[in-house]
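Some notes on the backbone follow, for checking alongside the coordinates.

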Amino acid sequence: MAEPPMSCDCFVSLPPGCRDDHVIFGKNSDRPRDEVQEVAYYPAAAHAAGSMLQCTYMEIAQVEQTHAVILSKPAWMWGAEMGANDQGVCIGNEAVWTREPVASGDALLGMDLVRLGLERGDSAWAALTAITGLLEQHQQGGQCKEDPNPFSYHSTFLLVDRNEAWVLETAGKLWVAQKVTEGVKNISNQLTIGTEISAEHPHLRRVAQREGWWDGETEFNFSQVFSLEDPPARMELAKKRYKGGTELMQQHEGSVTAEVMMSILRDKPSGICMDSGGFCTTGSMVSVLPRDCSRPCVHFFTATPDPSRSIFKPFIFSDCSTPVLRVVSPQFGPDDPIWEEPRFQSQVDRRHDLYKAHQEALNNMETNPDKGSSVFETLKELECQCLRDISASLSSTSEERPPVDLPCGCRTVFLLPVWPSLTHHTCLTPFHR
């Protein structure tokens, strides 16, 4: 019997696919089951001309100005699985394997490119341009999990802002992109762009023809030309998830909200919420991007594994945004196994406080299921109430909307699933007056 597909999934709904005049983004990050995903905030910054930036494995030239970002990221790497910036841009990526070989040695991870796109792009298209420029300079590759066994891949990306979305699919330095301006779209671990190409690498078709993958006469279909003839089993299995995600989005087309997106990320039968073998959904994100720029974007993160057993916590960029240490993993400096040669020969405990509390809560829920269910339902109701309050605030007129932009219930704290009482609480950021 084939294992369920092991992959990530990204989703976007643009009007008229949404109930409101918002763009809704969502992603489940499926990673090795014991990998800790932290939620980290980095403020906007100015950088000296000529300064360098250390990414996961390599240094690159820094730009003079970077945007503030909130990232859901594997704690051991510099890059991120998904995140948002203070310009209303969201990005998530997926692993793919193509006819182009993955670069050997150190290069930029796809996750590094997610973070770089967010730090450098003030729109989805600007972030895409930043990523493709970096691909041209530095390539992509490198070890993609905290393990001595080799595992590397290329990436596809979903880049979203308040007005549009872009699907970016890569094969080494080569790339192709498709613009999405309305309706619903999802990506998984496979190439999906066929003949509907909005932008591409200038040498894409020349390389395909030179390698004998395309005859230069028939209509150019990127997914057909660059997909492997004998793809890894994980890519074949991911087709089921991609189909399941498409069906779920189509079922809700015209009525997608943050709540709907969260329900899709929590869906077990489709495999979108994944828990199989050595992989599981280790972090989840949903973002609401109002078309009206006077209204704030709201980003929700679990910061814990398995969204069906986690609560989404809200974050809004503000002048007072600061890191929340309870969802940031400990740092190990030069003693981190990533700097060993060879790498990852040892393990360290990267669990942040919320991750530990979540593990304790799940263990206690199994030993005392009745009490556990009651606590979890209470937390789910708090999540629902916060979603209702945020929705009401984003839908209100400027005269009705308080200066804080969000109701009091969501302004101060948002309870996290900590056993055994509801007195332990924190938030990803306060919503300030």
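1. The model is predicted, and the points below should be read with that in mind. Pro 16 sits in a loop that runs between strand E1 (9-14) and strand E2 (22-32). The peptide bond between Pro 15 and Pro 16 is cis, with omega at about 10°.

2. A cis peptide bond also links Glu 341 to Pro 342, where omega is about -5°. Pro 342 belongs to the loop between strand E19 (313-315) and helix H7 (353-367).

3. Which loop holds Ala 303? Ala 303 is in the loop that connects strand E18 (298-301) with E19. Its phi is positive, about 65°, although Ala 303 is not a glycine.

4. Is Ala 303 buried or exposed? Its relative accessibility is 3%, so Ala 303 counts as buried, the cut-off for buried being under 20%.

5. Asp 306 is located in the loop between E18 and E19. Phi of Asp 306 is near 60°, which is a positive value in a residue other than glycine. With a relative accessible area of 10%, Asp 306 is buried.

Conventions
Residues numbered from 1 in each chain as written. Predicted model: local features only at pLDDT ≥ 70, side-chain atom pairs only at ≥ 80, totals over all residues. Heavy atoms only, no water. Helix = DSSP H or I, 4+ residues; strand = E, 2+ residues; numbered from the N terminus. Buried < 20%, exposed > 50% of the residue type's maximum accessible area, 1.4 Å probe, protein only.
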